[in-house]
Every structure is written in structure tokens, then in C-alpha cells.
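Work through the exercises below with the sequence and the 3D structure open. Try each task before reading its solution.

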Amino acid sequence: MIRAILMLCMLSVVALKSHAGFETYEFSSVEGERRYAQLARELRCPTCQNQNISDSDAPLAADLRRELHRMIESQQTDDQILDFMITRYGDFVHYRPRIAPETYLLWYGPIVLMLIGLGVVLVVAKKRKPRQPAQSASSSTKATPSLSEGLTDDERKRLQSLLQQDDQK
Amino acid sequence: MIPELGTFSTILALCLAVILSVVPMVGAYTGNKLWVDYARPLSKGVFFFLSIAMVCLAYAFLTNDFSVVYVANGSNTALPWYFKISAIWGGHEGSLLLWVWIQAVWTLAVAVKSRNLPLDIIGRVLSVMGMITAAFLLFILFTSSPFERFLPGYPMEGADLNPLLQDFGLIVHPPTLYMGYVGLSVAFSFAIAALLSGRLDAAWARWSRPWTNVAWAFLSLGIGLGSWWAYYELGWGGWWFWDPVENASLMPWLVATALIHSLAVTEKRGVFKSWTVLLAISAFCLSLLGTFLVRSGVLTSVHAFATDPERGLFILGMLIFVIGGSLLLYAIRAGSVKSESTFSLSSRESLLLVNNILLTVSCAMVLIGTLYPLVMDALNLGKISVGPPYFNALFVPIMSLMIVFMGIAAVSRWKNTEPSYLVKQLWLPAVLAILAGVISSYAYSGILEFWVTLGLTLAYWIVFSWMRDYWNRARNRDSLWAAVTKQSRSYYGMLLAHLGVAVLVVGVAMVSIFVEHRDARMVAGDQLEFRDYTFIFDGVRKVEGPNYTSDMGRIRVLYKGEPYRIMYPEKRIYTARGMSMTEVALDPGLFRDLYIAMGEELDNGAWAIRLQYKPFVRWLWLGALLMTAGGILSASDKRYRRQNNRAVAAA
């Protein structure tokens with residue numbers, strides 16, 4: 001369903017034309033072409049539903065592409081271009097939200113969660129640690145010996161036969 | 001009359017679902033076997049009446065009954081019959097009916113397949129599933145019935161199915177994805193039943209494992225199909241957009257992946273029980289959240305077809321009830337759960353805990369990124385966009401870290417594994433993986449691109465460390481034949497799924513970095529050279545389809561100067577809606593796709609044409625297929641059936 005919905009939306013907002021809107025710009029350097037492709041994917045078409053200006057064929061996206069091409073050809077830096085776009089269209093236009101107090105949670109939240117997760121692993125492992133570390137450490141690399149600890153002879157025999165059964169299956 | 005029959009049987013299904021959600025549950029509490037026994041026939045009844053409803057809707061589509069609003073909006077007399085069938089789930093109302101029908105399919109499957117479960121458990125499980133069915137049926141009947149009529153004056157011709165949806169992808173993608181989404185309700189119901197009964201033990205984990213595996217397999221396949229469909233249908237060759245609607249399906253997948261691993265630990269070692277329950281609850285709640293996000297229209301990015309606030313409120317209410325209720329139950333019951341064994345920091349348990357933490361953190365990250373713009377907008381803090389640059393920046397490192405642990409966990413042992421043992425086992429796979437990664441990366445491109453080298457190294461690391469584990473298991477056997485045949489199906493399933501991850505990683509790294517494209521202005525006779533291929537444009541001719549007209553380009557492709565093939569990209573106008581669509585021409589291959597899309601007609605008979613070279617793009621979906629196969633193979637392991645029998649004997 002996901003794509004279906006995505007598509008339906010684009011259709012109603014994006015003019016009823018084809019999708020991939022593209023022109024054929026010439027660049028004076030390979031580097032410029034690479035930056036154009038990169039920035040065109042990071043800039044959001046302000047009038048469409050969640051499309052970058054590279055994929056959109058809305059007239060405004062075409063304008064932005066032309067503008068982007070012009071700015072790259074006139075040797076402006078990425079920061080200059082982004083500043084220009086954001087001043088004109090707001091933060092909305094850039095898919096990479098800038099780091100500011102209101103986006104701290106967005107950028108640092110997952111990192112904090114990661115640290116909490118690391119803490120959880122350490123705490124849980126400590127809590128679940130075997131009571132007699134010396135004993136189990138010695139038997140650790142070989143998987144089975146610890147299995148029969150604390151069993152009566154009868155139980156040990158039964159365990160042995162069960163294990164063999166399992167092997168035969 | 002047939003659509004009324006559909007409404008009628010939907011109502012009957014609702015009645016049965018309500019009885020199903022009450023009677024066996026009460027029976028389980030009072031120990032009334034007769035009442036619990038009602039669970040199975042009631043599940044079958046719900047399935048039966050919902051199937052009738054589905055057939056009625058299909059009939060309305062096939063007979064072009066445009067007096068039905070939903071059919072008039074989503075079909076057309078010229079639509080081929082198979083698209084009429086898939087048009088059932090082409091819109092909001094019908095896709096909800098599909099959702100609830102699939103829920104009935106899962107309920108039926110649990111009712112039929114779980115003969116060996118203790119009766120009170122099966123009664124509770126089916127009851128909880130009945131509640132979910134009932135809630136969705138209420139939603140359908142009160143806010144979104146697909147059987148509503150245009151009366152008295154109805155249109156003579158339908159508006160047609162959206163052309164983007166007239167595709168093989170629409171036939172298979174939504175049902176598969178829903179099988180996954182809805183399948184998580186089985187794990188959820190088992191968890192709730194276990195909480196209610198207070199029997200939160202290894203047996204519970206064993207019962208839910210095969211169901212969770214199958215649901216996860218469908219979810220993987222559904223997401224893979226969606227990505228593949230977007231790739232060839234949207235016309236610009238992207239395969240993942242980090243769109244909120246995609247994230248809505250990725251989040252349950254991430255948590256379900258964590259759940260599968262956590263269930264393994266609970267079953268084998270009797271620890272992480274309450275955590276596993278929490279994951280089972282979260283996975284299904286995220287499915288519901290996904291439904292809410294998509295259906296309520298809160299996503300500004302995607303003004304979903306349901307912008308009706310009534311629907312949104314209903315789903316929000318249901319979401320709050322389900323999440324709140326199950327978490328409350330969890331809070332009351334989970335405290336009394338005791339773990340049955342111990343483990344140390346360096347053990348398989350701990351490593352799987354790390355896996356769980358990384359998966360849930362990545363899911364939380366996707367959730368934060370998806371909801372952040374909505375929340376900021378709601379709080380009037382301004383409109384921002386959170387897109388691929390954000391998600392890639394955080395998701396890729398988390399997943400890379402997880403793959404490192406994936407290899408370590410492969411050879412680790414339960415309870416305690418000496419770090420020196422891990423080093424002894426893994427130094428060789430690690431060295432080989434780095435060498436192979438660097439060599440392959442260099443051999444392919446002639447440079448050492450960082451992300452590609454990292455991706456390939458990680459992929460080799462998965463493969464080599466799991467080979468090491470396989471070798472450990474196999475070498476104690478008497479013969480090679482015994483070594484290969486004695487491993488269980490669930491072990492092979494696990495190998496396949498992890499191999500799928502490796503394949504997927506290769507695809508992601510290669511296609512993200514080495515994709516190349518050219519946008520060209522071409523007139524007939526023009527040619528363009530690009531990556532050993534020469535593309536010669538022969539012009540465009542008009543073609544008539546059943547419900548569209550098309551400008552079909554003809555492009556001859558030469559490989560190293562030799563004729564290779566002819567490709568026909570199209571630009572179609574669908575007549576009913578006057579909508580134009582790009583049909584791309586693809587030359588698929590295991591190591592690269594050639595991808596040609598037609599743009600606009602320019603002046604003097606020239607066309608804008610986009611040519612793309614997509615290395616290893618097929619590996620993305622190959623990886624998803626391997627994961628799917630792995631999930632299904634492990635669910636089919638005979639030990640689940642055998643141990644079910646044992647559980648009965650013990651009960």
C-alpha cells in the first residue's frame with residue numbers, strides 16, 4: 001500500500017504530467033555536476049508532496065533547478081546556495097534539518113538512546129551474571145559440561161540419553 | 001443487491017467477531033471448556049463472512065457496478081479484469097476490507113494450526129484476535145464502507161483506477177505487506193494471552209516463534225516488493241525514499257526483527273521474557289501506528305486519501321486503547337516474571353541483547369525522524385523537512401555496527417563465551433573480510449571508495465563468520481553428508497536470512513555510490529555513449545493500449561559496439577483521467593540494470609531522455625527474497641510441531 005498512497009498524493013498535487021522532470025544542463029566542471037546532483041536531491045520542492053527538486057516536475061522545482069544550476073556555475077559554495085534557498089523558502093526546503101535548539105532532540109535523541117542502550121546491556125549482563133563466576137568460567141568454552149551441574153546421578157543419566165537421542169534425530 | 005449482501009455479511013462477521021472476543025475469553029477465565037470451544041468455529045465463521053464480503057466487492061468491480069461509490073471512483077469499463085480485482089485494494093475503503101480479511105485469514109490459520117495448544121491459551125489468543133477484527137470492522141462499517149451506493153443517479157462510467165496503480169506491483173504488494181502487518185497481530189495476541197494467563201514461559205515463546213517468523217517473512221517480502229515497484233513504476237529509479245509511508249512499514253519490520261531474536265533467547269534460555277512481550281506489543285502497535293499515520297492524513301508530506309478527521313479520530317482512539325491497554329496490562333503483569341537462568345557479559349544472550357538495542361534504537365530514530373516535522377508543526381515551531389540526508393546519516397552507522405555484532409554473535413555460545421575464544425574463532429574471518437572487501441572494491445571501480453569498501457567488507461564479514469559457525473557445527477559430524485543434512489531447517493533458515501542481509505548490503509552500497517545517469521536531449525539518430533554501452537535513439541511512434549495512448553521510443557543499445565538489444569521506453573496518456581505516465585524500459589541483470597525513462601517532448605521532435613546505469617540494484621530485492629525464504633524455512637522446522645506435542649503431553 002505504501003507506494004500506492006505515495007503515488008496518489010503526488011499525482012494530485014504535482015501537475016498531471018509525467019514524473020521525472022528533467023532538463024539537460026551543461027556544466028563547466030565535473031565537480032559542479034556532482035554538486036548539482038547532490039544538492040538537487042537534498043532540496044525539497046516547496047509545492048509538492050515530499051519530493052526533491054531533482055525528481056519533481058512541478059514548475060517551481062524546475063525554477064529551483066535552474067537557479068541551482070546558475071548558482072553552481074557562478075562558483076557559489078554549497079553553504080551560500082543553501083542559505084539563499086532557506087532564506088527564500090524557509091527551513092522546509094532543506095531535507096537535512098540544521099542543528100539548532102529545536103532540533104537537538106532530533107539529532108542527539110538517537111545518540112542518547114544509544115548510550116542508554118549500552119548502559120542497559122551492561123546493567124542487565126551484570127544482574128544476570130552467574131553466581132559462581134570461577135566455576136562457570138572454567139566450563140565456558142566447552143558448551144556442555146555446565147549442563148549437568150547440580151544434578152543427581154539418575155538425572156545425569158537421563159540427560160545423557162536425551163542428548164544422545166537428540167543427536168540421532 | 002450484491003453490494004448489500006456484502007454489507008450484510010460484513011455486519012454478520014462483526015457480530016461473530018464480537019462474540020469471539022467475549023465468549024472464549026470468559027470461558028478461559030471460568031474454566032468453561034464449552035465456551036472456549038466456541039473459539040474455533042467462530043474464527044471460521046468470521047473468515048467465511050468476510051470472504052463473502054470480499055467476493056461481493058470483487059463481483060461489483062468485475063460487473064462494472066458503478067452505482068457503488070468505491071467502484072465508480074476506482075474502476076472503469078476499459079480496465080483489464082486483473083486490475084479490476086486488484087482495484088479492490090486500490091483505495092482506502094477496500095484496502096481496509098483487505099486488512100481485516102487478512103486478519104481473519106491469520107485468525108483462521110491460528111485456529112486450524114494450533115490443535116496442540118492448551119485450550120485456555122488458544123481461547124485467549126483467538127479472543128484477542130477477535131477484538132482486533134471487531135475494532136476494524138466497526139471502523140469499516142461506520143466510517144469507510146466500500147459498499148456505499150450512489151443512488152439514485154449513478155455515473156455510467158467509472159473514474160478509472162489511478163494509472164500508477166495499474167501494474168503488477170499493485171496486485172502483489174499490498175496483500176503481501178498486509179500479510180506481514182496483520183501477521184504481527186498473532187505475536188501480539190500470544191503475548192497478551194500469556195500476560196492474561198500469567199504463563200509467561202518458554203512454551204509461550206515456542207508457540208509464537210513460527211508465527212512471528214512467517215509474519216516477518218511476509219513483511220520483508222512486502223517491503224521488498226514495494227521498493228521494486230517504486231523503482232520501475234515511479235520513473236526515476238529510486239528504491240527507497242525515506243518517505244513517512246515507507247517508514248511506517250520499516251518500523252514494524254525493525255521491531256519484528258528484534259522480536260524474532262528476542263524470542264529465540266526466551267525460548268532457549270528463559271530470559272528476556274518481559275522484554276520479548278514488550279517487543280511483541282510494540283511491533284503490532286507500530287503496525288497500527290503506521291495505519292494511523294497513513295489513513296488519518298496527518299502526514300503533511302503525503303496527503304493521504306483519507307483526510308476525513310472522523311476516520312483519523314477513530315484510529316487514534318483505537319491506537320490509544322490498544323497501546324494504553326496492552327501497556328497497562330504489561331505493567332501489572334510483567335513485574336512478576338522471573339528469569340530462569342544467568343549469563344555473562346560475553347555471551348550469546350548479551351550479543352542478542354545488543355542486537356535488540358540497536359534495532360530498537362534505529363526504530364526509535366526512524367520514529368523520531370518521521371514524527372518530528374509533524375510535532376514541530378503542531379507546536380508552531382516552524383516547518384522543517386526531515387529527509388534522506390538525516391536518515392542515512394544515522395541509520396547507516398547503526399546498521400553497520402549491528403552487522404559487526406552479527407558476525408560476533410554467529411560463533412558465540414549461550415551463557416558464557418570467553419573473549420579469547422571469540423578472538424580465536426573470528427580473527428581469520430575478520431582478516432579475510434577486510435582483504436576481500438578491499439580487493440573487490442578496488443577491482444570493481446579502480447578506486448577505494450569508503451562506503452563501498454565498508455559495505456563489501458561488512459557483507460563478507462557476515463558470510464565468513466557464519467561460515468565459521470557452520471564449520472564448527474559440521475566438523476564434529478562423521479561425514480560431509482551427515483554434516484549437511486543433520487542441521488535443522490531453522491538453522492538453514494537463519495543462515496539464509498543472514499546471507500540475505502549480506503546480499504542486501506552489497507546492493508545498497510553499490511547502487512548508492514556507483515549509480516550513473518545521463519539526462520540527454522535526443523532527436524532521432526542521436527547517440528550517447530556511456531559505460532561500454534552506446535544508446536542510439538530511433539525516434540518515437542504512437543501506440544494504442546486498452547485504456548491509454550502512448551508515445552513509444554525506440555532505443556538501440558550496443559554493448560562494446562556490438563548490437564545488444566532494443567529498448568522501448570514509453571510515455572502514456574491514460575484516457576479516462578487524462579493523466580500521463582512514464583513507462584520505463586529496463587534491461588535487468590544480476591550485476592547491473594540499464595534504465596531508460598522518457599521525459600518531456602522538447603522542440604523539433606527532440607525528447608528529453610534519462611539513461612541510468614544501476615549496478616547491483618537487483619541485489620536489494622534478492623536480499624529481501626533470501627530473508628523471506630529464511631523466515632519461512634525456519635518456521636517450517638519440525639521441532640515446532642514436535643514440541644507442540646510435548647507441550648500437550650505435559651499439560
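A crossing of two helices is left-handed if the near helix is turned anticlockwise from the far one by less than a right angle, and right-handed if clockwise. Helices (H or I, at least four residues) and strands (E, at least two) are DSSP runs, numbered from the N terminus. The model is predicted: local features need pLDDT of at least 70, side-chain atom pairs count only at pLDDT 80 or more, and totals for chains, interfaces and linings use all residues. Residues are numbered from 1 along each chain as its sequence is written, and chains are lettered from A and ligands numbered from 1 in the order in which they are written.

**Exercise 1.** Describe how α3(B) packs with α7(B).

Step 1. Helix α3 of chain B covers residues 39–62 and helix α7 of chain B covers residues 119–143. Their axes are 10 Å apart, at an angle of about 30 degrees. Axes are lines fitted to C-alpha atoms, for helices over the stretch in contact, and angles run from 0 to 180 degrees between N-to-C directions.

Step 2. Angles under 35 degrees count as roughly parallel, over 145 as roughly antiparallel, 65 to 115 as roughly perpendicular and the rest as oblique. Therefore α3(B) and α7(B) are roughly parallel to each other.

Step 3. The crossing of α3(B) past α7(B) is left-handed. On the α3(B) side, the contact is made by Ala39(B), Ser43(B) and Val46(B). On the α7(B) side are Ile122(B), Gly123(B), Leu126(B), Ser127(B) and Thr133(B). Two residues are in contact if their C-beta atoms, placed from the backbone, lie within 7 Å.

Step 4. By class, this contact of α3(B) with α7(B) has 4 nonpolar, 4 polar and no charged residues. Ala, Val, Leu, Ile, Met, Phe, Trp, Tyr, Cys and Pro count as nonpolar, Asp, Glu, Lys and Arg as charged, and the others, Gly among them, as polar.

**Exercise 2.** Is α18(B) roughly parallel or roughly antiparallel to α19(B)?

Step 1. In chain B, helix α18 (residues 489–514) and helix α19 (residues 618–635) pack with their axes 7 Å apart, at an angle of about 165 degrees.

Step 2. That angle makes α18(B) roughly antiparallel to α19(B).

Step 3. The contact of α18(B) with α19(B) holds 18 nonpolar, 8 polar and 1 charged residues. The crossing of α18(B) past α19(B) is left-handed.

**Exercise 3.** What share of each chain counts as buried?

Step 1. Chain A has 7 helices and 0 strands, and 31% of its 169 residues count as buried.

Step 2. Chain B has 20 helices and 10 strands, and 56% of its 651 residues count as buried.

Technical notes. A residue is buried if 20 or more other C-beta atoms lie within 10 Å of its own, exposed if 12 or fewer, and partly exposed in between; C-beta atoms are placed from the backbone.
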